[in-house]
Amino acid sequence: MSERRRSERRLAWMLCAPAVIAMLIVTGYPIGYAVWLSLQDYDLRFPDDREFVGLSNYADVLTSSIWWGDVWNTTIITVASVSIELVLGMAIALIMHRAIFGRGAVRASVLIPYGIVTVVAAFGWRYAFDPASGFVQNLPLISDTAAPLTERGGSLAVIVLTEVWKTTPFMALLLLAGLALVPDELHEAAKVDGAGPVQRFFRITLPLMKPAILVALLFRTLDAFRVFDTVYIQTAGANGTETVSILGYQVLINRVNLGVGSAVSVLIFLAVILIATFFVRGLGASTARQRGEAA
Amino acid sequence: MADIVLDHVTKRYPDGYEAVKEMDLQVADGEFIILVGPSGCGKSTALRMIAGLEDITDGELRIGGDVVNDRAPKDRDIAMVFQNYALYPHMTVRENMGFALKLAKAPKEEIDRKVLEAARILDLEQHLDRKPANLSGGQRQRVAMGRAIVRDPKAFLMDEPLSNLDAKLRVQMRTEVSRIQSRLGTTTVYVTHDQTEAMTLGDRVAVMRTGRLQQVGRPSELYNDPVNLFVAGFIGSPAMNFLPATVEGDTIHLPIGDVPVAEEHRRGLQSGGARSVIAGLRPESFEDAALVGDQRERGIAFQAKIDVVESMGSELYAYFAVETEGVASQELEELAQDAGTAEVPGAESGQVVARLDAASQVSEGAEAELWFDAAKLHLFDAESGRSLRAA
Amino acid sequence: MLRSSREAALWSIGILVVLLYALIPVLWILSLSLKPADQLGDRRFVPQEFSFENYETIFNTETFTRALVNSVGIAGLATLISILLAAMAAYALARLDFAGKALILSGALAVAMFPPISIVGSLFNIWREVGLYDTWPGLIIPYMTFTLPLAIYTLSAFFREIPWELEQAAQVDGATPFQAFRKVIVPLAAPGVFTSAILVFIFAWNDFIFANTLTSTDEARTVPAALAFFTGGSQFEQPIGAISAASIVVTIPIIVMVLIFQRRIVAGLTAGAVKG
């Protein structure tokens with residue numbers, strides 16, 4: 001290696017070091033610490049009873065019906081909100097991509113939900129559905145006495161609605177970037193080849209956007225799986241809407257049981273890794289196919 | 001297979017800009033016609049209107065006798081080859097070529113048979129299962145051709161299909177396109193900005209400029225009988241030299257000497273007093289006077305100080321200046337702009353290029369005696385730019 | 001032409017739906033915040049009377065004004081540090097050739113996917129031990145870290161677009177290396193840096209989970225966390241008007257910023273995602 005390359009390399013590492021160290025310290029160390037805590041019986045209310053208990057916290061969590069119920073709730077919210085967002089986001093992306101006029105207005109307006117503080121959005125929707133103050137019950141076709149946030153189905157629906165409202169713009173923007181990567185010429189070629197608008201969308205646009213769709217789905221699925229703010233504000237986990245993040249928070253911060261709480265934290269971390277691996281595999285395979293490497 | 005007729009076809013954009021103005025063109029069944037012109041002349045727009053990718057504002061388009069103005073591309077039974085090929089990157093060569101047939105719900109065996117047949121014509125058989133990303137430029141181009149051939153359409157439309165290839169491959173593919181077209185006998189409209197391609201490929205060539213069709217004819221017609229300054233300047237390489245000239249009685253005063261008015265120009269000129277015209281002199285109508293021999297009488301010999309000599313091996317290009325007052329023609333200025341060059345040879349500066357035999361002894365910086373073949377002189381009206389040769 | 005006018009009508013409807021979709025919840029909170037106390041229960045979308053009493057209330061409430069100061073300070077400082085560190089790393093990633101590039105990029109991606117809930121317990125405990133609990137740095141550090149991936153990805157995408165040879169051109173033109181950097185590169189890089197800063201700021205401004213778990217008093221509590229702890233006259237009645245007014249106050253700066261810089265924000269959000 002030449003002296004020049006060596007010094008370039010040294011400079012590069014010096015420039016990257018602060019960011020890398022910060023990321024390692026603030027994520028790597030605490031997650032390691034969480035693993036260590038999760039192996040102990042450690043409740044801040046009884047700090048003197050702290051002892052090493054091996055995997056028994058995990059056994060407790062994994063055999064509790066609360067954990068599995070929360071996993072189920074989280075899955076419902078994740079799947080429902082991400083799939084609605086995908087369809088809705090695609091529609092908005094198509095409007096932004098193809099609209100002849102008003103593109104700027106659409107772009108500006110979809111960025112509003114993106115910019116809004118999640119807690120604010122959660123309050124807004126909560127008040128909208130509140131039987132005492134909400135305008136929703138004033139709308140035609142909606143029962144005057146409905147109180148969706150007092151029962152499970154309604155609460156889940158409002159949570160999903162809030163999540164969808166807030167994050168569809170992000171989805172739409174990622175999909176829009178994907179749409180922009182499909183050359184106009186291919187659409188024209190398909191037109192000449194005899195494909196109608198629907199066929200063009202399903203046979204040309206969608207397959208070519210697959211990597212972009214997978215990236216968008218990956219980010220949104222991970223995000224939705226960590227859902228915390230909306231649930232905390234709207235139900236605080238009541239009415240059978242507790243998610244894994246809320247559970248972790250309750251055990252760690254409210255009940256200050258650091259041992260069990262850390263076990264929950266580590267399990268969530270593992271679940272996220274699982275989801276990410278799943279998507280990254282799919283993504284790798286699909287981009288490889290696209291480039292023709294697999295053929 | 002079918003003929004294509006453009007009847008006063010106009011494309012006007014919402015902002016009022018007219019990309020194609022009242023275009024009339026008849027393409028016979030099986031004919032290979034080239035639309036050529038500088039960029040922005042409306043040739044691609046015209047092609048895209050035939051394809052149905054652009055709406056026709058005014059006029060009528062008939063393919064095989066049917067008016068197709070309002071038909072979607074898919075209902076026109078045409079195939080198109082795009083400049084960037086527009087191959088579907090997620091499909092194999094086989095799928096790309098069979099896509100249109102699949103959409104038309106053709107039986108699978110028929111698709112396979114036709115794809116294979118086209119692949120054989122194009123020498124693509126061993127690449128059928130590869131993705132476009134793994135093909136070379138020439139192979140991609142052939143797949144794009146194959147996609148058109150497979151459909152056995154009424155017409156092929158080609159939008160600068162060779163412009164993305166390197167020079168050598170372009171020449172090779174040019175022959176191939178020509179061979180395939182004559183073998184299949186399918187009506188073809190081919191757009192290019194390259195006049196060499198236009199001259200070598202088509203049965204007929206249609207020259208366009210700023211949305212208007214200038215002249216349609218066989219390559220030799222365009223070369224020998226350009227109807228106006230634009231066509232004269234656009235066809236031929238190196239381009240025609242333009243010099244100011246005056247006509248007095250039976251004599252044309254050129255900056256390089258006087259020549260008699262030829263019979264063919266007499267009617268166009270009409271007699272009268274002195275008249276300014278623009279003379280067009282093709283570089284290949286010059287010769288080194290020492291090499292002319294007994295043809296010398298036909299033309300005029302003159303002295304010129306040679307500025308630059310470019311040797312092409314088989315021929316020489318000699319550049320020299322002549323004394324002129326500059327040709328004040330708006331037509332010429334526009335021509336220069338359209339051609340994208342700073343100036344048209346001869347027009348402003350009096351710079352002239354002559355193509356001489358390789359045996360010529362002219363050298364840079366020296367005086368030389370050159371000869372011009374007076375029979376090959378073109379004359380144009382200074383105002384309108386129209387050729388003065390009687391039709 | 002029938003086809004295109006019908007198309008235009010369809011697009012207009014689509015655009016209108018999107019506009020309503022985006023604006024209704026915001027207008028709703030705005031409406032709530034402007035209703036006088038006795039009309040908060042009228043369930044009308046448009047207030048019958050307009051009143052600023054909710055805004056007066058929150059600006060006279062120390063919990064809110066402190067939280068606003070905390071939010072601005074913490075998000076601002078976190079953005080500053082994050083962009084500084086990220087710009088250094090992004091410069092190296094975009095311009096220098098070294099082994100480990102892929103490692104850093106995938107590491108950053110991993111951090112971007114990291115679930116905050118997995119470390120709040122640990123941070124809660126560590127911060128209490130080292131004295132960062134309920135302090136500004138206690139929040140600035142996690143915000144800075146969690147926004148680093150976003151900032152690194154968007155900045156390196158932007159930096160890759162800069163025609164760096166201009167720097168040499170400037171030096172040939174007689175500029176010193178520092179002048180070349182300051183007069184040529186900085187102006188070219190500024191839009192990208194600025195865009196990344198907005199995205200980072202929005203993230204920090206938006207966060208609830210760290211703010212909620214790592215603070216306990218007005219000392220460092222930011223607005224989102226403060227909103228969740230607002231209490232009204234009685235424990236069981238939430239001060240809807242005050243929360244709505246506070247929500248509007250924290251929303252307006254973001255909306256203004258987003259609207260002014262919308263084109264850049266879209267470019268920034270997608271540059272990072274697509275090229276990553």
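Buried, throughout this tour, means under 20% relative accessible area, with exposed meaning over 50% and partly exposed the range in between, for a 1.4 Å probe and protein chains only. The structure on screen is a predicted model, in which local features need pLDDT of at least 70 and side-chain atom pairs count only at pLDDT 80 or more, whereas totals for chains, interfaces and linings use all residues. Residues are numbered from 1 along each chain as its sequence is written, chains are lettered from A and ligands numbered from 1 in the order in which they are written, and side-chain values use heavy atoms, with hydrogens and water left out.

**Chain A**

Chain A holds 11 helices and two strands, and from the N terminus on its elements run α-β-β-α-α-α-α-α-α-α-α-α-α. Its C-alpha trace spans about 75 × 75 × 35 Å along the principal axes.

Of the 295 residues in chain A, 59% are buried. Taking a contact to mean heavy atoms within 4.5 Å, one finds that among contacts in chain A between residues at least 6 apart in sequence, 67% join residues at least 24 apart.

For the charges, Lys and Arg count as positive and Asp and Glu as negative, while His and the chain ends are not counted; the place of a charge is taken as NZ of Lys, CZ of Arg, CG of Asp or CD of Glu. In chain A the mean positions of the 23 positive and 22 negative charges are 12 Å apart.

Next, select Gln250(A), which is placed in helix H10 (residues 244-254) of chain A. Gln250(A) is buried, with a relative accessible area of 19%, and, not counting residues up to four places away in sequence, Gln250(A) touches Ala236(A), Glu242(A) and Arg255(A).

Then move to Arg50(A), whose charged end sits over the ring of Tyr42(A), 3.9 Å from the ring's centre. A charge sits over a ring if NZ of Lys or CZ of Arg is within 6 Å of the ring centre and within 35 degrees of the ring normal.

**Chain B**

Most residues other than glycine have a negative phi, and most peptide bonds are trans. The peptide bond from Ser237(B) to Pro238(B), however, is cis, with omega near -5°, and Pro238(B) is placed in the loop between helix H8 (229-234) and strand S11 (241-248) of chain B.

Select Lys105(B) next: its phi is near 60°, a positive value in a residue other than glycine. Lys105(B) lies in the loop between helix H2 (93-103) and helix H3 (108-122) of chain B, and Lys105(B) is exposed, with a relative accessible area of 69%.

Thr210(B) also has a positive phi, near 40°. Thr210(B) is found in the loop between strand S9 (204-209) and strand S10 (212-217) of chain B, where Thr210(B) counts as partly exposed at 41% relative accessibility.

**Chain C**

Chain C has 12 helices and zero strands, and its C-alpha atoms fill a box of roughly 75 × 70 × 35 Å along the principal axes. Buried residues make up 53% of the 276 residues in chain C. Among contacts in chain C between residues at least 6 apart in sequence, 71% join residues at least 24 apart. The accessible surface of chain C comes to about 12,100 Å², of which 66% belongs to carbon and sulfur atoms. The mean positions of the 16 positive and 18 negative charges of chain C are 11 Å apart.

**Aromatic rings**

Finally, show the rings of Phe, Tyr and Trp (its six-membered ring), which pair if their centres lie within 6.5 Å, with planes under 30 degrees apart counted as stacked, over 60 as edge-to-face and the rest as tilted. A search of the whole structure finds 36 aromatic pairs over all chains. One of them, Trp28(C) with Phe45(C), is stacked, at 6.1 Å centre to centre and 15° between the planes. Trp28(C) lies in helix H1 (residues 2-34) of chain C and Phe45(C) in the loop between H1 and helix H2 (53-59) of chain C, so the pair ties together parts that are 17 residues apart in sequence. Trp28(C) is buried, with a relative accessible area of 1%, whereas Phe45(C) is partly exposed at 28%.

Ring pairs also link Phe269(A), Phe114(C), Tyr143(C), Phe146(C) and Phe210(C) into a cluster.

Key. Helices (H or I, at least four residues) and strands (E, at least two) are DSSP runs, numbered from the N terminus. Accessible areas come from the Shrake-Rupley method with a 1.4 Å probe; for residues, only the protein chains shown count as cover.
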